[in-house]
Amino acid sequence: MALQPTHELHGRRFGRNLGVGLLLAGFVALVFALTVVKVQQGDRGHADDFKGGAVTPIDTASMP
Amino acid sequence: MSDIHAYERAETAPGEAGFGDYVQLLKPRVMSLVVFTAMVGLLVAPVHLHPVEAFAAILFIALGAGASGALNMWWDADIDAVMRRTRSRPIPAGRVRPGEALGLGLALSGISVVMLGLATNLLAGGLLAFTIFFYAVVYTMGLKRWTPQNIVIGGAAGAFPPMIGWVAATGQIGLEAVLMFLVIFIWTPPHFWALALFVKSDYQNAGVPMLTVTHGRRVTRNHVLAYSVLLAPIPVWAALTSIGGPLSLAVALVLDAIFLVGAWRIFRRDEVQAEADGYRVEKSFFGFSILYLFLTFGAFLAEAALRPWGLGGW
C-alpha cells in the first residue's frame with residue numbers, strides 16, 4: 001500500500017526525529033557550556049599537582 | 001518472561017513508536033520527584049556549584065532515573081500487561097518493542113553516569129551507577145518478585161537522588177545526605193503499602209508478593225504504623241542539622257503528627273470498615289504521604305533560600 005505524504009506515520013516519524021534532533025542539539029550546547037565553565041574555573045582536579053613544588057624537576061645533569 | 005513474545009507481535013512496526021512513547025519509558029512522574037529531591041540535596045549543600053554544573057548534575061541524575069525506569073519497564077513488561085494501572089505502558093500496549101526499551105535504558109545509563117562524573121565528581125557518578133544497578137537489577141530483577149520486603153529494600157533506589165545531589169556539590173557523603181536518604185527510604189514502605197491496601201486486586205493478579213498478598217492486610221496495617229513511627233524522628237533529626245532550622249523543625253513536627261494520626265487510623269481499622277467507606281482513610285493517607293515528602297524537602301530548600309537574608313538555619 002502506497003503511503004500518502006500526509007499519512008499519520010510521517011507525522012509520527014517527523015515528531016520523533018525532531019525530538020531526537022532537539023535533544024542532540026541541547027546535549028551539544030550543554031557540553032559546550034560545561035566546557036566553558038570548567039575552563040574558566042581551571043582544572044581543579046590537577047591544578048594542585050603543580051603548586052608548591054609537588055612536581056620535582058628531573059636532574060638531567062646527573063643522568064648517565 | 002515468556003509473555004513478552006506476545007508484545008513482539010503487536011501492531012507497531014520496529015522503530016515506529018512516537019517520541020512521547022520513549023518519554024513514557026522514562027517514567028516522567030517518577031523523574032519529577034527525582035529532580036525535586038536531587039535539586040534539594042544539591043542546593044542545601046554547603047558547597048555551591050556553578051549554575052551550569054548544577055543544572056547538568058540534576059539533568060543527568062534525572063536521566064539516570066529515567067534509564068532505570070526504562071530497564072524496569074523492559075523487565076516487567078509481562079506483569080505490566082496484567083495490572084490495570086500499568087497495562088497502557090508503551091511495551092504492553094505494543095507501541096515500543098522490549099529490545100528498544102532495553103537499548104534506551106542501557107544507553108541512557110551509560111550517558112548519565114559518565115556525564116555526571118565528568119560534570120561534577122566521580123563519587124557522584126559512581127553513586128548514580130549504583131542506584132541504577134540497585135533499581136534495575138537488585139529491585140526489579142530480584143526482590144520485586146521474590147520477597148514481600150521488596151518495597152522496603154527497593155525504596156533505597158528512590159532514596160539516593162538527594163544524596164547524589166549533595167555528593168555532586170560537596171564531593172563527599174555527609175550526615176545530612178544520609179538523613180535525607182533515610183527520610184525517603186523509611187517513607188517508601190508505608191507510602192506503597194497504603195497504595196497496596198486499596199489496589200489489592202492488581203498485585204494479586206500479577207503475582208507480585210506484596211505484603212498484602214503474602215502476609216495479609218492486618219499485618220500490612222501493622223507495618224504501616226511501625227514504619228511511620230520509625231520515620232517520625234528522621235525529619236526532626238535532619239531539621240536539627242546544618243540543612244535545617246526553626247521552619248523545617250516546625251514543618252517536620254506538624255507533618256509527623258498528621259502522618260502518625262493517619263497511620264494510627266489505618267492500624268485501627270479492619271477490612272469491613274475500609275470496604276464500607278471505599279478505603280477513604282487509606283487513600284487519604286497515601287495522598288498525604290506525597291505531600292509529606294514534598295513539604296519536608298521543601299522546608300529544607302526554604303531554609304537554604306532564606307539563609308542569605310539571615311532568616312534560615314540555626
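A: A crossing is left-handed if the near helix is turned anticlockwise from the far one by less than a right angle, and right-handed if clockwise. This is a predicted model, in which local features need pLDDT of at least 70 and side-chain atom pairs pLDDT 80 or more, while totals for chains, interfaces and linings use all residues. Residues are numbered from 1 along each chain as written, chains are lettered from A and ligands numbered from 1 in written order, and side-chain values use heavy atoms, without hydrogens or water.

Q: At what angle do α6(B) and α7(B) pack?
A: Helices are DSSP runs (H or I, at least four residues), numbered from the N terminus, and angles run from 0 to 180 degrees between the N-to-C directions of axes fitted to C-alpha atoms over the stretch in contact. Helix α7 (residues 122-146) of chain B packs against α6(B) at about 160 degrees, with the axes 7 Å apart. The two are therefore roughly antiparallel, a word kept for angles over 145 degrees, whereas under 35 is roughly parallel, 65 to 115 roughly perpendicular and the rest oblique. The crossing is right-handed, and its contact (heavy atoms within 4.5 Å) includes B:Leu116 of α6(B) and B:Leu128 of α7(B).

Q: Is the crossing of α3(B) and α16(B) left-handed or right-handed?
A: The axes of α3 (residues 28-43) and α16 (residues 280-306), both of chain B, come within 9 Å and cross at roughly 30 degrees, so that α3(B) is roughly parallel to α16(B). Their crossing is left-handed. Among the residues that make the contact are B:Phe36 and B:Met39 of α3(B), with B:Phe297 and B:Gly298 of α16(B).

Q: How do α1(A) and α4(B) cross?
A: The axes of α1(A) and α4(B) come within 9 Å, at roughly 135 degrees, and the helices are therefore oblique to each other. α1(A) passes α4(B) in a left-handed crossing, where A:Phe27 and A:Lys38 are among the residues of α1(A) that meet α4(B), whose own include B:Glu53 and B:Phe60.

Q: Which helix gives the most to the lining of the second largest pocket?
A: α1(A) does, with eight residues, and α1 (8-41) of chain A is joined by α2 (19-25), α4 (51-75) and α6 (98-119) of chain B in each supplying at least two. Of the 21 lining residues, A:Leu23, A:Leu24, B:Leu63, B:Leu104 and B:Leu108 lie nearest the centre. A pocket is an open set of points, on a 1 Å grid over the protein atoms alone, where a 1.4 Å probe fits, with protein on both sides within 12 Å along at least five of seven lines, and lining residues have an atom within 4 Å of a point.
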